[in-house]
Amino acid sequence: YFHDIGKIKRPGFFTENQLSDSNPHDNIPPRMSKLIISSHVKEGYEMAVKHRLPHIIRQMILEHHGTSMVSFFYTQALHHEKSHNPDLIKEDFRYLGPKPSFKESAILMLADSVEAASRSLEKPSFAKVEALISKIFKEKIEDNQFDSCPISLKELEMVKSSFLRIFKSMYHTRIDYDEEKFYAQ
């Protein structure tokens with residue numbers, strides 16, 4: 001629960017707090033949006049220090065995005081700045097890190113990514129979530145996010161299986177009780 005406490009500083013800039021169709025990112029450049037979004041890590045860490053949260057929690061706050069891309073705003077910047085800045089580089093749209101340094105931090109990174117991405121699915125189904133989870137795990141591995149972490153590929157597969165079990169229980173087909181009542185008559 002503490003990993004995103006930095007979002008308290010500017011809650012309206014995070015989709016989970018946007019209760020209307022209005023999005024403040026629509027009115028600012030992608031680079032500014034990236035700075036606002038990524039600043040929740042540093043601001044959360046500072047809050048954790050101020051309130052004397054345990055070192056392990058502070059470390060997880062710092063590591064939960066590693067050096068991952070803030071890809072939505074990177075894509076927007078490519079579109080908006082193509083003619084103005086042909087040298088736009090991906091590194092400008094990465095979190096500052098550090099990368100996860102212990103297993104729990106790596107698992108938090110994956111859980112946070114999967115949870116956020118699954119909320120954006122239209123008409124979520126188990127098949128869609130399963131494909132999304134596989135994609136996220138693959139991207140994090142290929143992006144070397146676990147290079148500083150002692151987690152093995154086998155352990156990552158176990159985590160992935162656990163996530164799939166959780167989502168399967170959320171998206172399993174349910175009995176249509178109205179239909180059952182109809183047939184019982």
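Start with the second largest pocket, which holds about 180 Å³ of space. A pocket here is an open set of points on a 1 Å grid over the protein atoms alone, where a 1.4 Å probe fits, with protein on both sides within 12 Å along at least five of seven lines; lining residues have an atom within 4 Å of a point. The volume is the space filled by probe spheres set on the points. The model is predicted: local features need pLDDT of at least 70 and side-chain atom pairs pLDDT 80 or more, while totals for chains, interfaces and linings use all residues. Residues are numbered from 1 along each chain as its sequence is written, and side-chain values use heavy atoms, without hydrogens and water.

Select Lys 34, Leu 35, Ser 38, Leu 62, His 65 and Tyr 95, which are among the lining residues. Helix 1 contributes most to this lining, with six residues.

Helix 4 supplies the largest share of its lining, eight residues.

Then select Leu 110, Val 114, Ile 133, Phe 137, Phe 146 and Phe 163, the residues with the most contacts inside the largest nonpolar core, which has 18 residues. Such a core joins buried (under 20% relative accessible area, 1.4 Å probe, protein chains only) nonpolar residues through side-chain atoms within 4.5 Å. A second, separate core of 10 residues includes Ile 37, Met 69, Val 70 and Ala 77.

Notes:
Helix = DSSP H or I, 4+ residues; strand = E, 2+ residues; numbered from the N terminus. Buried < 20%, exposed > 50% of the residue type's maximum accessible area, 1.4 Å probe, protein only.
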